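These are my working notes on a single model.

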Amino acid sequence: GLVNTKEMFAKANKEGYAVPAFNFNNMEQMLAIVEAAALKGSPVILQCSGGARTYMGRTVVPMLAKAAVDVARDMGSDIPIALHLDHGSSFEQAKDCIEWGFSSVMIDASHHSFEENIAESKKVAEYAHAHGVTVEAELGVLAGIEDEVEAEEHIFTQPHEVEEFVKASGVDSLAISIGTSHGAHKFKPGDDPKLKLDILAEIETKIPGFPIVLHGSSSVPAKFISMIKEFGGEIKDAIGIPDEQLRGAAKSAVAKINVDTDGRLAFTAGIREVFVKNPKEFDPRKYLTPAKNYMRDFYMEKIENVFGSEGA
Ligand code: G3H
Ligand code: 13P
Ligand code: NA
Ligand code: ZN
């Protein structure tokens with residue numbers, strides 16, 4: 001069945017890789033993720049936002065995640081798979097997800113004060129741990145959109161706060177802000193995208209071995225941006241987080257890296273290609289299958305070249 005992230009993260013940090021956390025919104029994306037992970041023998045986190053849960057329905061989400069476990073087994077793979085709530089916004093939401101079969105939850109109270117963030121994260125951690133569920137909290141604020149909250153500027157995580165935060169809250173992993181951001185428009189063409197790896201290194205000295213999480217880590221592949229434009233879409237040229245930076249982070253105490261946007265871009269590019277090349281097509285299977293395969297192939301490449309979790 002689904003597992004929590006405890007052993008996944010311990011193994012990842014011992015062996016110097018990061019577990020991929022890919023967001024899904026439907027069956028095709030779930031299949032793309034699990035097929036990629038199973039083919040590469042990588043642990044994987046199926047990540048579901050509040051919005052994705054509203055879209056699929058709270059009864060469907062755990063069914064799809066449990067089906068993912070069966071799909072992997074059916075492919076002859078015994079990779080660990082977690083179902084994780086992305087950017088949980090309240091204790092009530094986290095509790096409901098746990099009741100509905102999530103094996104891991106995030107409580108994102110990072111926009112509150114330090115004290116309130118600790119109190120909210122601790123409340124979730126106590127409930128979750130009583131149910132065998134692991135908890136991710138966040139300290140610092142990413143620039144860009146986080147569900148309904150939009151921040152103009154990064155508020156980088158302050159290394160001197162992390163030790164007290166993880167001890168007082170009792171959470172199992174910590175999302176930090178070191179220059180990543182959500183969405184497709186992280187950096188403009190011509191920018192030199194750099195993460196604050198010095199802050200990451202300082203955080204690691206404060207909480208050695210503690211699992212760190214990077215949100216907003218899509219690389220925004222030029223291939224998908226140009227496909228979307230070629231096949232009638234409108235999207236600004238943008239740059240994401242370079243693979244090289246993520247590769248370095250994966251070798252550190254970063255145990256989980258979140259990618260949502262790249263999957264959306266791959267999926268959209270695939271659908272648009274079919275619609276433009278074969279405008280007579282109206283069988284959903286004929287445009288969703290190539291879309292799913294673009295997503296799966298992208299994730300496979302990412303697991304192998306960036307996460308380092310292949311065959312883990
Ligand atoms: O961090 C946000 C994730 O990309 C989820 O996005 O709330 O639109 O599903 P969403
Ligand atoms: P991206 O928008 O960079 O894919 O980030 C996803 C994320 O952090 C989900 O929580
Ligand atoms: Na790591
Ligand atoms: Zn995020």
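**Entry 1: the sodium ion**

I began with the spacing of the donors of the sodium ion (ligand 3), which along the chain reads N-x3-Y-x232-A-x1-S-x1-V. Asn 13 lies in helix H1 (residues 6-15) and Val 254 in strand S10 (residues 254-259), so this pair ties together parts that are 241 residues apart in sequence. I note for what follows that the model is a predicted one.

I then listed the donor atoms. Asn 13 contributes OD1, while Tyr 17, Ala 250, Ser 252 and Val 254 each contribute O, at 2.4 to 2.9 Å. I also looked up the burial of the two residues named above: Asn 13 is buried, and Val 254 is buried as well.

His 182 and His 215 link distant parts of the chain, 33 residues apart. I placed His 182 in the loop between strand S8 (173-176) and helix H8 (197-206), and His 215 in the loop between strand S9 (212-214) and helix H9 (222-230). Both His 182 and His 215 are buried.

His 87 is in strand S3. His 87 has a relative accessible area of 11%, under the 20% cut-off, and therefore counts as buried. Its phi is near 50 degrees, a positive value in a residue other than glycine.

**Entry 2: ligand 2**

For Ser 217, a backbone N or O atom lies at 3.1 Å from an oxygen atom of the ligand. For Ser 218, a polar side-chain atom lies at 2.6 Å from an oxygen atom of the ligand. How much of ligand 2 does the protein bury? Taken alone, ligand 2 exposes 310 Å², of which the protein buries 97%.

In the loop between S9 and H9 I also found Val 220. Phi of Val 220 is near 50 degrees, again a positive value in a residue other than glycine. Val 220 is buried, its relative accessible area being 3%.

**Entry 3: salt bridges**

How many salt bridges does a search of the whole structure find? The search gives 21. I examined several of them.

Glu 304 pairs with Lys 40, their closest N and O atoms being 2.5 Å apart. This pair links distant parts of the chain, with Glu 304 in helix H12 (residues 284-307) and Lys 40 in helix H2 (residues 27-40), 264 residues apart.

Asp 96 and Arg 53 meet through their side chains at 2.9 Å, N to O, in a salt bridge. Asp 96 lies in helix H5 (residues 91-99) and Arg 53 in helix H3 (residues 50-56), distant parts of the chain 43 residues apart. Asp 96 and Arg 53 are both buried.

Arg 296 forms a salt bridge with Asp 297, with the closest N and O atoms 3.2 Å apart. Salt bridges that share partners join Arg 296 and Asp 297 with Glu 35 and Lys 292 into one network. Arg 296 counts as buried at 18% relative accessibility, and Asp 297 as partly exposed at 39%.

**Entry 4: Ser 49**

My last entry concerns Ser 49, which is found in strand S2 (residues 44-49). The side chain of Ser 49 reaches the backbone nitrogen of Ala 52 at 2.9 Å. With 18% relative accessibility, Ser 49 counts as buried.

Note on methods. Residues are numbered from 1 along each chain as its sequence is written. Chains are lettered from A and ligands numbered from 1 in the order in which they are written. This is a predicted model: local features need pLDDT of at least 70, side-chain atom pairs count only at pLDDT 80 or more; totals for chains, interfaces and linings use all residues. Side-chain values use heavy atoms; hydrogens and water are left out. Donors are N, O and S atoms within 2.8 Å of the metal (3.2 Å for Na, K and Ca); water is not among the atoms, so sites may look incomplete. Helices (H or I, at least four residues) and strands (E, at least two) are DSSP runs, numbered from the N terminus. Buried means under 20% relative accessible area, exposed over 50%, partly exposed in between (1.4 Å probe, protein chains only). A polar contact is a pair of N or O atoms within 3.5 Å; within protein, one must be able to donate a hydrogen and the other to accept it, and residues adjacent in sequence count only if both atoms are side-chain atoms. Accessible areas come from the Shrake-Rupley method with a 1.4 Å probe; for residues, only the protein chains shown count as cover. A salt bridge is a side-chain nitrogen of Lys or Arg within 4 Å of a carboxyl oxygen of Asp or Glu.
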